[in-house]
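Dear colleague,

Please find below the structure that I am handing over to you. My findings follow it.

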Amino acid sequence: MELKNAAAALSALGHTGRLSIFRLLVQAGREGVAAGEIARRLHVPPNTLSSNLNILSNVGLIESRREGRSIIYTARYGDMTELLEYLMEDCCNGAPEICAPLADVALRSRCGEGGRA
């Protein structure tokens with residue numbers, strides 16, 4: 001991952017509304033969540049939700065698909081993993097005991113085949 005892509009993704013997640021949306025989609029797994037359901041769960045007006053979804057989509061953290069009349073949003077787990085790996089790349093300057101707890105968390109939270117941890 002390039003520095004500019006990592007910075008863009010982190011900037012997108014640096015907003016409480018977008019971070020809440022992203023966490024909801026990560027928790028939902030590969031099934032995803034319809035836009036209307038996201039709005040209901042997070043109590044977000046449709047125009048605000050649309051703007052936040054576009055920002056997350058533009059930085060590659062989420063994707064959408066149409067199912068009937070609904071648009072379903074899902075987290076892009078591969079890109080999320082790439083961002084986390086970028087952040088931990090060359091971690092600790094040769095002192096693995098510093099990053100070992102972080103690595104353990106990352107390993108425990110890896111999604112299984114069904115898209116759920």
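In this predicted model, the second largest pocket is lined by Leu10, Leu13, Leu19, Phe22, Arg23, Val26, Gln27, Leu83, Leu84 and Leu87. The largest share, five residues, comes from α2. By class, the lining residues of this pocket divide into eight nonpolar, one polar and one charged. The volume of the second largest pocket is about 250 Å³.

Helix α2 also packs against another helix. Two packed helices are described by the angle between their axes and the distance between the axes. For α2 and helix α3 (residues 35-42), the angle is about 120° and the axes are 11 Å apart. The crossing in which α2 passes α3 is right-handed. On the α2 side, the contact is made by Ser20, Ile21, Leu24 and Leu25, and on the α3 side by Ile38, Arg41 and Leu42. This contact of α2 with α3 has five nonpolar, one polar and one charged residues.

Finally, I would draw your attention to Ser64, which is found in strand β2 (residues 62-67). Is Ser64 buried, partly exposed or exposed? Its relative accessibility is 46%, so Ser64 counts as partly exposed, a class that lies between under 20% (buried) and over 50% (exposed). Leaving aside neighbours within four places in sequence, Ser64 is in contact with Ile71, Ile72 and Tyr73. Ser64 and Arg76 are twelve residues apart in sequence, and their C-alpha atoms are 9.7 Å apart in space.

Yours sincerely,
A colleague

Note on methods
Residues numbered from 1 in each chain as written. Predicted model: local features only at pLDDT ≥ 70, side-chain atom pairs only at ≥ 80, totals over all residues. Heavy atoms only, no water. 1 Å grid on protein atoms, 1.4 Å probe; cavity = no way out; pocket = protein on both sides within 12 Å on 5 of 7 lines; lining within 4 Å. Points joined across faces, edges and corners; volume = space filled by probe spheres on them. Helix = DSSP H or I, 4+ residues; strand = E, 2+ residues; numbered from the N terminus. Nonpolar A, V, L, I, M, F, W, Y, C, P; charged D, E, K, R; others polar. Axes fitted to C-alpha atoms, helices over the stretch in contact; angles between N-to-C directions. Left-handed = near helix turned anticlockwise from the far one by under 90°. Contact = heavy atoms within 4.5 Å. Buried < 20%, exposed > 50% of the residue type's maximum accessible area, 1.4 Å probe, protein only.
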